[in-house]
Amino acid sequence: MPDRNAQSPLVLAVSNQKGGEGKTTTAVNLAASLAAAERRVLLMDLDPQCNASSSVGFPRGAVDAGTYDLLVGQASLDAVIRETQLDNLHVVPATADLAGAEVELVQLEDRATLLRAALDQASARYDFVIFDCPPSLGLLTLNALVAADSVLIPMQAKYFSLEGLSALRETIARVKEALNPDLHIQGILFCLFDPRTNLAQQVVSEVEEHFKGLVFKTRIPQNIRLSESPSHGLPAILYDIDSKGAQAYLALARELLESLKQESTL
Ligand SMILES: Nc1ncnc2c1ncn2[C@@H]1O[C@H](COP(=O)(O)OP(=O)(O)OP(=O)(O)O)[C@@H](O)[C@H]1O
Ligand SMILES: [Mg+2]
């Protein structure tokens with residue numbers, strides 16, 4: 001656990017360079033579940049696909065400034081924060097410009113620390129800042145890993161999902177060495193989980209063996225409500241709180257809060 005000022009938020013990057021593993025669904029629904037537990041949460045969309053933004057009511061084109069403007073210094077954090085339908089959940093939406101950021105930012109000397117610098121303005125106002133990362137290990141993800149305290153890795157219990165995990169672990173190690181010494185893995189979360197297959201059980205055992213103590217006990221099942229709720233611009237707890245998906249993310253929030261409580265008393 002990094003030595004954070006008690007006033008500053010826990011900054012979590014939800015990341016996995018493999019596409020479609022459950023990053024956005026996790027970033028949005030964990031953020032909403034923490035907000036429901038009365039934590040003040042800022043969700044930041046770092047993916048030019050804008051899926052996290054749409055999932056909380058800001059589809060592409062709905063706002064004219066967001067993460068891109070913050071990164072390039074065209075807007076302050078206050079200017080790009082939006083309220084959502086949940087009192088404690090704010091969002092910095094992504095806009096289409098973000099797609100060009102990877103290329104445009106390359107020439108800047110401080111290209112890896114732009115997000116960290118921008119976030120300084122958020123201290124004390126939030127308990128959690130959650131980044132939804134794109135499915136790549138480019139500059140946007142690098143900015144997230146440099147600004148984060150820890151990384152939450154959603155993954156499916158599938159063969160190809162295992163391959164990506166070691167690449168991500170190497171990236172985290174490199175960022176830790178060069179730019180963010182306190183960065184650590186908060187946990188690995190199995191998403192779209194179907195416990196009935198042998199393969200799923202094998203993948204879980206393998207990950208548990210290689211990442212001891214780092215696999216969340218909560219598993220997110222495949223649940224149709226989780227895939228429907230984004231098109232309504234609502235997190236699952238507002239769309240159908242009784243669904244298995246919404247309940248699983250509430251359980252994840254409880255597990256995370258419990259583990260943070262234990263870390264802070266160690
Ligand atoms: N537990 C779940 N049950 C059912 N559908 C899910 C679940 N989790 C995610 N999905 C659906 O699977 C697809 C991929 O999920 P999601 O967008 O969260 O992944 P991602 O890792 O953010 O993808 P990308 O890499 O493209 O950003 C989406 O259509 C989403 O609605
Ligand atoms: Mg996504």
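## Where the ligand sits

The structure is a predicted model.

This second largest pocket holds about 400 Å³ of space. Its lining is made up of 27 residues, and those closest to the centre of the pocket are Gly22, Lys23, Thr24, Thr25 and Leu226. H1, helix H2 (51–55) and H10 are the elements that each give two or more residues to this lining. H1 provides the largest share, five residues. Sorted by class, the lining of the second largest pocket has 11 nonpolar, 13 polar and three charged residues.

## The shell around the ligand

Which residues are the closest to ligand 1? They are Lys23, Thr24, Thr25, Pro221 and Asn223, out of 18 residues that surround the ligand. Two helices, H1 (23–36) and H10 (224–228), each supply at least two residues of this shell. The largest share of the shell comes from H1, with three residues.

The shell around ligand 1 consists of nine polar, five nonpolar and four charged residues.

## Polar contacts with the ligand

In lysine 23, an N or O atom of the side chain is 2.8 Å from an oxygen atom of ligand 1. Threonine 24 has a polar side-chain atom 2.8 Å from an oxygen atom of ligand 1. For aspartate 47, the distance between a polar side-chain atom and an oxygen atom of the ligand is 3.5 Å. These pairs count as polar contacts because the cut-off is an N or O pair within 3.5 Å.

How much of the accessible area of ligand 1 does the protein cover? On its own the ligand has 620 Å² of accessible area, and the protein covers 79% of this.

## A separate feature: the cavity

A search of the whole structure for cavities of 30 Å³ or more finds one. The largest cavity has a volume of about 40 Å³.

Which residues line the largest cavity? The lining consists of Val56, Thr84, Gln85, Leu86, Leu89, Gly233, Leu234, Pro235 and Leu238. Six residues of this lining are nonpolar and three are polar, while none is charged.

How values were computed
Residues numbered from 1 in each chain as written. Chains lettered and ligands numbered in written order. Predicted model: local features only at pLDDT ≥ 70, side-chain atom pairs only at ≥ 80, totals over all residues. Heavy atoms only, no water. Near = heavy atom within 4 Å. Polar contact = N/O pair within 3.5 Å; in protein donor to acceptor, adjacent residues only side chain to side chain. Areas by Shrake-Rupley, 256 points an atom, 1.4 Å probe, with all protein chains shown as cover. Helix = DSSP H or I, 4+ residues; strand = E, 2+ residues; numbered from the N terminus. Nonpolar A, V, L, I, M, F, W, Y, C, P; charged D, E, K, R; others polar. 1 Å grid on protein atoms, 1.4 Å probe; cavity = no way out; pocket = protein on both sides within 12 Å on 5 of 7 lines; lining within 4 Å. Points joined across faces, edges and corners; volume = space filled by probe spheres on them.
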